[in-house]
Amino acid sequence: MNPALSELQGLFPPGRLLTRPGELAPYASDALTAFRAQPLAVVLPESHEEVVEAVRWCVRHRIPYVARGSGTSLSGGSLPVEGGLVIGLNRMNRLLRLDPKERLAVVEPGFINLQVSQAAAPYGLYYAPDPSSQPVSTIGGNLAFNSGGAHCLKYGMTSNHVLAARVVLPDGQTVVLGSESLENTGPDWLGLFVGSEGLLGIVTEITLRLLPKPEAYHTVLAAYDALEKAGQAVAAVVASGLLPGAMEIMDALAIEAAEAAVQAGYPREARALLIVELEGEAPQVEAEARYLEEVIRQSGAYEVRVAQSQEERLKIWRGRKAAFSAVGRLSPDYLVQDGVVPRSKLGQALAEIENLSARYGLRVANVFHAGDGNLHPLILYNGRVAGELERAEALAGEILQLCVRLGGSITGEHGVGMEKKAYMPSMFTPEDLEAMQRIRQALDPLELANRGKMFPGDHPPHRPPSGPHPLEKAGVIARE
Ligand SMILES: Cc1cc2nc3c(=O)[nH]c(=O)nc-3n(C[C@H](O)[C@H](O)[C@H](O)COP(=O)(O)OP(=O)(O)OC[C@H]3O[C@@H](n4cnc5c(N)ncnc54)[C@H](O)[C@@H]3O)c2cc1C
C-alpha cells in the first residue's frame, strides 16, 4: 500500500478513512455535478485535533485537500482535487453551547444551519442567514462561502452573524479569529476568513450571533404579467424607503416547478411573482404594510395576496424554498447561475436574460433574492444532447458578463469555486488578483488547501517557494 495511506490508517480508524471506489463515489462531486474528480481518500474527523492531524499529513506528503460540509456547493467549491484528500466535517456536528443571555451559539462546523434556529427557538431566538439549502448545508460551508438567503436583505450575510472561528491554518497551526465581543481589536481577520472558500484554513468551531424572533410578519404575494415589471417593483419598494426582511422573485418556469413540487397555491398563469415580507415589531409592521400596499398597487401587479395566517405565510415560503431543486422536474439537467446587478437594473437584466435565453434556444428559470439584486438564473439543458452543456455554459458566461457590465458582480453567494474562476479577471485587475494570491501564499505556500479553486489559470498559479516548509523548519513535520 501507498506508504502515505498506511500512515493515514494509523491516524483514522476503519469507517472514518474511506479509500474504496464505492466509498469515494459520493464525494467525487458537489451540487455542481458537471465537474467530477476522484480523491485519493476521504477522512471523517470527529475532533479539532483530528483535523490538525489530517492537515499535517497533507503537508508532510504534499497532498492537496478539500474541506467538505454537506457538498451542496453550486460552484464546485467542495469538488475534490484529483488524487487529493477530502476532509469531511459532517461528523463534527455538535452544538457546543447556547447562551440565550449573550444571544450566541457555539457549534462545530458540521452543524446544520436550520438546527441552529431550532435549538434557539425555545428562547425566542433564531439564526438569521437562511440559504434555501438550510435544512442540509453546514455552518462550516456557510462560513466558507459567506452564504446568504432570502432574509439577508435586512440582516446581512453569514459574515454579519459570525463572531468567532477556531481555524486550522494550512500549515496545521490553530488560531482563533474574532471573539464573543461585538467589538474586536485590530484588523478584521475573521472578516478576511469568512468567504475565503476553504483556501485559508478549516474552521472547526464557530461562534454565531442569535437574534430575537420578529414579533410580527406581513407577507405579500404579488403577481405580474411580465418579469420585467416584477424587477421594477423591487426597485420601487427600495426607493420608497421600506426595508423588508425579504424580497424574492420567481418567474413562470419557477412557478410551474414549485407548484408541481409542493402545491403552494401560486397563481399558475403569472409571468412573475414577487414575495415581499415585512417583519419586526407589530405596530411598525402594521404601518409599513399600508405603505407597501400602495407601492405594490402602483407597480402594476394584477393580483395581490396577503398571508392571513402563519400557515398561509409558510405555504408561500414553501413554494419559494422548494423552487430551486424543483426546477429539476422540468429538465434532466440545469446550471445554476449566481450573479448580482444593482437593484435599479433588475428589470433591464431580466429582459436581457430573456433575450439571451431565446438566442441560445435554452430555457432559463429565474428564482432569486431580488432585494439584493442577486440573480439566480437556472439554465435548463440536456446533458445527453451533444453540445448542450457547452451551450448552457456559454449562456451562463454571457449572463455573468452582463452582471459585470451593469455594475454588479459574478457571484452573490454561491462563491467562485471551480465554476467562475475564469471570470475573476473580468471583475479584478491583475494587481487585485496578485494581492489576493500573496495573502493566500503567506498562509499556504504549497497551495494545498482547495487547490485549483477561485484563482484563474492553471494551478499552481504561482510556483511554490523552494526550500523547507515553515513547519519543517520548526521541526513539526519531516520531509518525505
Ligand atoms: C438547492 C440549493 C439551494 C441553495 N440555496 C442557497 C442560498 O439560498 N444561498 C446560498 O448562499 N447558497 C445556497 N446554496 C449553495 C450552498 O448550499 C451553500 O454554498 C452552502 O453554504 C454550502 O454548505 P455545505 O455544507 O454544503 O458546504 P460544501 O458544499 O461542502 O462546501 C462549500 C465550500 O466550503 C468549504 N468548506 C466546507 N466546510 C468547511 C470548513 N469547516 N472550513 C473551511 N472551509 C469549509 C469547502 O471547501 C467549499 O469550498 C444552495 C445549494 C443548493 C443545492
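1. Glu447 counts as buried, at 0% relative accessibility. You will find Glu447 in the loop between helix H15 (430-443) and helix H16 (470-473). The backbone deserves a look too: phi of Glu447 is near 50°, a positive value in a residue other than glycine. For context, most residues other than glycine have a negative phi. Please keep in mind throughout that this is a predicted model.

2. Is Arg103 buried, partly exposed or exposed? With a relative accessible area of 41%, Arg103 is partly exposed, whereas Glu447 is buried.

3. Now to the ligand. The shell around the ligand holds 36 residues, and those that come nearest are Ala67, Gly69, Thr72, Ser133 and Thr138. On the polar side, a backbone atom of Gly71 lies 2.8 Å from an oxygen atom of the ligand. A polar backbone atom of Gly148 is 2.9 Å from a nitrogen atom of the ligand. A side chain takes part as well: an N or O atom of Asn450 is 3.2 Å from a ligand oxygen. Taken alone, the ligand exposes 980 Å², and the protein buries 95% of that area.

4. Which elements give two or more residues to that shell? They are strand S3 (65-68), helix H5 (139-145) and strand S10 (202-209). H5 provides the largest share, with five residues. If you are browsing the site in the viewer, H5 could be a handy place to begin.

5. A few words on the cysteines. How many disulfides does a search of the whole structure find? The count is zero. Cys152 is in no disulfide, and the nearest cysteine sulfur, that of Cys403, is 18 Å away. Cys152 is buried, with a relative accessible area of 4%. Cys58 is buried as well, at 0%.

6. Cys403 itself lies in helix H13. At 1% relative accessibility, Cys403 counts as buried. Along the chain, Cys403 and Leu375 are 28 residues apart, and their C-alpha atoms are 9.0 Å apart in space.

7. With a relative accessible area of 22%, Asn382 is partly exposed; the label follows because buried means under 20% and exposed over 50%. Asn382 is 20 residues from Leu362 in sequence and 9.7 Å from it in space, C-alpha to C-alpha.

8. The side chain of His369 makes a polar contact with the side chain of Glu248, at 2.8 Å. His369 is in the loop between strand S18 (364-368) and strand S19 (374-375), and at 2% relative accessibility His369 counts as buried.

9. Arg313 lies over the face of Tyr217, 3.6 Å from the ring centre. As for ring pairs, the count of aromatic pairs comes to zero, where a pair needs ring centres within 6.5 Å.

10. Two last residues, for their partners in sequence and space. Tyr302 is in the loop between helix H10 (282-298) and strand S15 (303-306), and at 39% relative accessibility Tyr302 counts as partly exposed. Tyr302 and Ala223 are 79 residues apart in sequence and 5.9 Å apart in space, C-alpha to C-alpha. Ile353, in helix H12 (residues 346-360), counts as buried at 1% relative accessibility.

Key. Residues numbered from 1 in each chain as written. Predicted model: local features only at pLDDT ≥ 70, side-chain atom pairs only at ≥ 80, totals over all residues. Heavy atoms only, no water. Phe/Tyr/Trp six-rings, centres within 6.5 Å; stacked < 30°, edge-to-face > 60°. Lys NZ or Arg CZ within 6 Å of the ring centre and 35° of its normal. Disulfide = S-S within 2.5 Å. Buried < 20%, exposed > 50% of the residue type's maximum accessible area, 1.4 Å probe, protein only. Near = heavy atom within 4 Å. Polar contact = N/O pair within 3.5 Å; in protein donor to acceptor, adjacent residues only side chain to side chain. Areas by Shrake-Rupley, 256 points an atom, 1.4 Å probe, with all protein chains shown as cover. Helix = DSSP H or I, 4+ residues; strand = E, 2+ residues; numbered from the N terminus.
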